[in-house]
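Please consult the sequence and the model alongside the numbered points.

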Amino acid sequence: MLLPIVILISTSLKTDVEVYDGVLKLPLKLQWVNYINVWNDGGFGTYIKNSAIVSTGTVVLVVILASLGGFGFSKLRFRGQSFMFLLLLLGLMVPVPAIIIPIYYSLRDMRLLNTPWGLILPQVGLGLPFGAFLMRQFFRDIPDELMDAAMIDGCGELGAFWHVFLPNARKGIVSLAVVQFMFSWNEYFLPLIISQSDTAQTVTVGLYRLYKSYVASYTTISAGAVMVLLPILVLYILLQRRFTGGMLGGSLKG
Amino acid sequence: MSTLHQGSQQRWVGVKKEIRAFLFVLPTLGVYSIFVLYPVLRTFGLSLYDWDGISRLKTFVGLGNYLELFFHDPIFHTALRNNVLWILITLFVPMILGLILAAVLAGQVRGKLLLAAVFFVPVTVAPIAAGIAWEMIYHPSVGLLNQVLRGVGLGRLATPWLGNPGWALYALVQVGNWTYYGFCLLVFFNAIQLLDRQLYDAAQIDGANRMQLFWHVTIPLLQNSITFVVVYSIIAALKAFAIVFVLTGGGPYHRTELMATYLYNVMFVEQRLGYGASIAATLAVLAFIASFVVFRIREREATQ
């Protein structure tokens with residue numbers, strides 16, 4: 001199960017010649033230089049920075065908007081709320097390629113092509129259905145009585161949200177943040193189309209470019225691939241329960 | 001103050017409260033509408049035109065794009081067939097294996113969390129990185145698969161997997177599945193944890209063996225999870241793109257083309273955006289239809 005990853009890491013630490021000796025053989029000496037090369041000549045320094053900016057930006061916006069929205073959908077009452085929530089959930093079924101053409105032209109008109117915002121905003125739009133759903137689940141588990149208590153104490157809805165519900169939904173926020181970060185970091189189709197210039201590229205498309213370039217060898221490409229998967233892997237190892245809880249839509253107990 | 005006045009005052013307070021409530025979801029709905037809803041509608045609209053994306057001239061062709069797509073486009077037929085195959089394999093392999101493995105793991109205690117975690121790791125790997133990792137396995141000469149085949153004397157079977165028109169798609173789907181097993185395992189594993197032990201105890205007292213327990217207790221109780229995984233699998237399979245794009249680019253000779261990769265081709269290489277939009281629209285409609293159909297079927301089954 002982990003073999004492909006092991007092979008990838010092993011290859012990334014080999015010299016070019018060693019690759020042809022056999023995939024399962026381990027490198028004689030660990031060629032960390034491959035990583036340095038990928039960072040500098042391979043442009044990955046820039047790519048990783050871009051991915052970090054876009055992913056973080058997306059996560060921050062999704063968490064804020066989904067918390068507010070999830071709270072509104074779960075604890076508050078207004079006309080048409082079921083319909084609106086259902087409409088929002090439809091977004092779960094929309095694949096990025098299905099809407100890429102209008103998004104491209106919308107972003108172009110907004111002069112946001114090749115910018116981080118051009119990558120962040122569509123991803124926020126696509127991440128909100130799941131985000132709002134997840135936060136709504138977490139908020140629902142918090143008793144309504146807390147709402148009444150807060151209102152009696154003189155809080156408005158926003159006050160109740162900020163002081164009472166949000167702190168209690170911490171697990172939900174972390175889960176959402178972690179899962180959304182993964183989806184953003186791993187996103188490929190959107191940056192492929194929206195970010196044309198090399199300097200604006202995210203690490204996933206950067207890896208593709210590296211792969212297609214004639215100068216890169218398997219060792220360098222593998223190093224690049226490891227750089228793409230490592231952050232999320234680390235995130236998973238550190239925050240396993242939040243991760244799996246998030247992916248299960250909040251249904252994980254405890 | 002007259003009661004009439006008081007009544008309208010209360011209504012106004014009620015309305016203000018509703019507006020305040022709505023304000024919580026407004027930003028969410030706003031961004032969603034601009035970057036998801038509106039583009040979906042615009043894709044459908046665009047699919048009715050012939051347009052190269054650059055010139056101001058857009059020719060209205062009505063359903064012409066769709067007619068061409070469904071009746072005169074062999075590449076699209078291949079792509080559609082490949083997507084369906086991808087869906088089916090994803091449903092049968094990761095989902096069923098995940099179900100079985102979850103049931104197996106539910107029994108033993110030692111190391112099961114570790115095993116589940118190990119399976120889940122590939123889920124965190126970006127598809128493009130997964131594609132590149134598997135290149136090391138599928139490579140014609142240094143790839144693991146061929147080396148193993150040669151090593152055990154089955155060198156005859158060694159082939160350039162990704163360049164083989166018959167095998168390439170299956171090789172690619174396997175990469176996709178690799179990133180998906182863990183998710184299925186997670187869903188089912190978690191669902192099984194939540195089941196009531198007593199049902200199992202009762203069945204075991206009645207003399208049921210493990211196989212029967214699995215078929216007659218576990219599976220019926222997991223209906224909701226199964227429905228969820230089926231729908232999720234279909235949508236995930238329709239989204240497949242990066243793995244094919246990086247490893248074969250849709251080749252050889254379009255044999256591994258998917259709707260998404262074909263869309264890319266039509267958009268960037270052929271520069272026919274109206275036509276591309278019709279592919280995009282088809283993709284979206286398929287996702288919607290598949291989801292609703294599955295829900296309907298499961299709903300009906302559940303009430304029986």
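1. In chain A, 61% of the 254 residues are buried, where buried means under 20% relative accessible area, exposed means over 50%, and partly exposed lies in between (1.4 Å probe, protein chains only). The model is a predicted one, in which local features need pLDDT of at least 70, side-chain atom pairs count only at pLDDT 80 or more, and totals for chains, interfaces and linings use all residues; side-chain values use heavy atoms, with hydrogens and water left out. Residues are numbered from 1 along each chain as its sequence is written, while chains are lettered from A and ligands numbered from 1 in the order in which they are written.

2. Chain A comprises 14 helices and zero strands; these elements are DSSP runs numbered from the N terminus, helices being H or I with at least four residues and strands being E with at least two. The C-alpha atoms of chain A fill a box of roughly 70 × 45 × 30 Å along the principal axes. Of the contacts in chain A between residues at least 6 apart in sequence, 70% join residues at least 24 apart, a contact being heavy atoms within 4.5 Å.

3. Which residues does A:Thr58 touch, leaving aside its neighbours within four places in sequence? They are A:Ile120, A:Gln123, A:Val124, A:Gln180 and A:Ser184. A:Thr58 belongs to helix α4 of chain A and counts as buried because its relative accessibility is 0%.

4. The structure holds one cavity of 30 Å³ or more, and about 50 Å³ of space lies in the largest cavity. On a 1 Å grid over the protein atoms alone, a cavity is a set of points where a 1.4 Å probe fits but cannot get out, and lining residues have an atom within 4 Å of a point. Grid points are joined across faces, edges and corners, and the volume is the space filled by probe spheres set on the points.

5. The lining of the largest cavity includes A:Gln123 and A:Ser184, both of which are also in contact with A:Thr58. Helices α4 (44-75) and α10 (170-186) of chain A each give two or more residues to this lining, and α4(A) gives the most, with three residues.

6. In chain B, 78 residues are in contact with 83 residues of chain A. The area buried between the two chains is about 7000 Å², of which carbon and sulfur atoms give 79%; buried area is the accessible area (1.4 Å probe) that two parts lose on being put together, summed over both. B:Phe24, B:Phe35 and B:Met136 supply 11% of the area that chain B buries against chain A, more than any other three residues.

7. Helix α11 (residues 223-238) of chain B has 16 residues and reaches 23 Å from its first C-alpha to its last, close to the 22 Å expected at 1.5 Å a residue; the expected span is 1.5 Å times one less than the number of residues. Among the buried residues of α11(B) are B:Ile226, B:Val230 and B:Leu238.

8. A:Asn114, with phi near 65 degrees, a positive value in a residue other than glycine, is in the loop between α6 (96-109) and α7 (116-140) of chain A. B:His254 likewise has a positive phi of about 65 degrees although it is not a glycine, and lies in the loop between α12 (242-247) and α13 (259-269) of chain B.

Methods. 1 Å grid on protein atoms, 1.4 Å probe; cavity = no way out; pocket = protein on both sides within 12 Å on 5 of 7 lines; lining within 4 Å.
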